[in-house]
Amino acid sequence: MTEVEEPSGEGVLVDVHAAGVAFPDALLTRGLYQYRPDPPFILGAEIAGVVRSAPDGAEVGPGDRVVGLTMLSGGMAEVAMLAPDRAFKLPDNVSFEAGAGLLFNDLTMYFALTVRGRLQQGETVLVHGAAGGIGTSTLRLAPVLGASRTIAVVSTEEKGRIATAAGATDVVLAEGFKDAVKELTHGRGVDMVVDPVGGDRFTDSLRSLAPGGRLLVVGFTGGEIPTVKVNRLLLNNVDVVGVGWGAWAGTHPGALTEQWTGLSELLSSGKLAPPEPDVYPLDEAAAAVASLEKRTAKGKVVLRVR
């Protein structure tokens with residue numbers, strides 16, 4: 001913890017109440033992310049707070065409750081600056097802590113399930129890392145977007161309870177998940193696999209797909225980037241689909257606003273429950289980041305700033 005000058009320049013200046021903690025933060029601390037700022041730098045890409053000032057023409061103004069994306073740094077601080085097109089009004093029924101836990105995970109999975117995954121009404125979704133931030137986001141969103149069944153894959157019984165609380169209809173342990181899924185689906189398999197983990201379970205995930213199924217590659221928290229023999233895709237008519245939310249937002253102007261509009265409507269209407277993040281005080285930010293690196297996090301991790 002240290003004191004620095006408040007940010008200045010053209011943008012939306014926000015008094016931060018809460019900041020999200022995401023896996024890229026852990027990678028940034030190790031110099032392992034594709035974006036490598038020179039230290040010292042301030043971690044944090046997701047914030048929730050109250051607008052202090054905004055430029056003319058911005059969609060938000062002084063006093064508005066907002067969430068926003070700094071896009072990779074500057075968020076874990078008392079004051080942050082946002083680009084006007086990355087600041088969004090926070091629904092009144094969503095707390096600052098929940099709001100700071102929405103952006104990366106919920107926007108990623110809203111995009112993943114609707115745009116890349118083409119989720120259809122009544123489909124079954126298998127979720128790896130189901131007790132983590134991406135996992136719990138998927139378990140909350142998939143039923144609202146049409147899934148009739150969500151199967152959570154977890155490493156421990158305790159994480160299974162977290163997944164159930166997030167909305168999973170079934171929970172299986174990672175060890176032997178393929179056979180468990182086969183039994184649960186009476187041999188058919190699942191329509192979609194959401195995989196933020198990667199590693200050695202990838203092939204069994206492909207084997208768990210029903211004909212026409214899609215495996216969404218969201219990340220590699222397991223450390224190892226798997227490879228795929230494409231004959232498996234041909235023989236079973238299945239897809240492996242990359243989900244690069246940040247890259248999509250960078251090449252599709254207006255995509256973030258469109259995604260937030262859809263997500264905000266679900267939250268405001270009460271159809272989608274806000275996340276219930278694991279909250280740390282700001283001065284324990286290091287422990288919060290470490291909980292992601294050590295895979296001990298229970299759902300989304302957020303820092304309380306005010």
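Let's start with helix α4 (residues 133-144): at 1.5 Å a residue, its 12 residues should span 16 Å, and the end C-alpha atoms sit 17 Å apart, which agrees. That expected span is 1.5 Å times one less than the number of residues. Helices (H or I, at least four residues) and strands (E, at least two) are DSSP runs, numbered from the N terminus.

A quick note on ground rules: this is a predicted model, local features need pLDDT of at least 70, side-chain atom pairs count only at pLDDT 80 or more, and totals for chains, interfaces and linings use all residues. Residues are numbered from 1 along each chain as its sequence is written, and side-chain values use heavy atoms, with hydrogens and water left out.

**Around α4**

How many of the 12 residues of α4 are buried? The count is 10, so the helix is largely enclosed by the rest of the structure. Here buried means under 20% relative accessible area, exposed means over 50%, and partly exposed is in between (1.4 Å probe, protein chains only). Among the buried residues are Gly-133, Ile-134, Leu-139, Arg-140 and Leu-141. Their cover includes the helices α3 (103-116), α5 (157-166) and α10 (255-269), along with β6 (124-127), β7 (149-154) and β9 (190-195). Just after α4, Gly-146 takes a positive phi of about 125°.

**The cavity**

A search of the whole structure turns up 1 cavity of 30 Å³ or more. A cavity is a set of points on a 1 Å grid over the protein atoms alone where a 1.4 Å probe fits but cannot get out, and lining residues have an atom within 4 Å of a point. Points are joined across faces, edges and corners, and the volume is the space filled by probe spheres set on them. The largest cavity holds about 30 Å³ of space. Leu-206, Arg-207, Arg-232, Asn-236 and Val-238 line it, with α7 (202-207) and α8 (231-236) each supplying at least two residues. By type, the lining has 2 nonpolar, 1 polar and 2 charged residues.

**Salt bridges**

The structure holds 13 salt bridges, each a side-chain nitrogen of Lys or Arg within 4 Å of a carboxyl oxygen of Asp or Glu. Some of them are listed here.

| Pair | N to O distance |
|---|---|
| Asp-15 and Arg-52 | 2.7 Å |
| Asp-15 and Arg-306 | 3.7 Å |
| Asp-204 and Arg-207 | 3.1 Å |

Take Asp-15 and Arg-52, with closest N and O atoms 2.7 Å apart. Asp-15 lies in strand β1 (residues 12-21) and Arg-52 in strand β2 (residues 46-53), so the pair ties together parts that are 37 residues apart in sequence. Asp-15 counts as buried at 18% relative accessibility, whereas Arg-52 is partly exposed at 36%.

Asp-15 also meets Arg-306 in a salt bridge. This pair links distant parts of the chain, 291 residues apart, with Arg-306 in the segment after β13 (301-304). Arg-306 is partly exposed, with a relative accessible area of 45%. Glu-6, Asp-15, Arg-52 and Arg-306 are linked in a network of salt bridges.

Asp-204 and Arg-207 both lie in helix α7, 3 residues apart, about one turn of the helix. An α-helix has 3.6 residues a turn, so residues three or four places apart point the same way. Asp-204 is partly exposed at 23% relative accessibility, and Arg-207 is partly exposed at 47%. Arg-207 is also one of the residues lining the largest cavity.

Note on methods
Contact means heavy atoms within 4.5 Å. On a 1 Å grid over the protein atoms alone, a cavity is a set of points where a 1.4 Å probe fits but cannot get out, and a pocket is an open set with protein on both sides within 12 Å along at least five of seven lines; lining residues have an atom within 4 Å of a point. Ala, Val, Leu, Ile, Met, Phe, Trp, Tyr, Cys and Pro count as nonpolar, Asp, Glu, Lys and Arg as charged, and the others, Gly among them, as polar.
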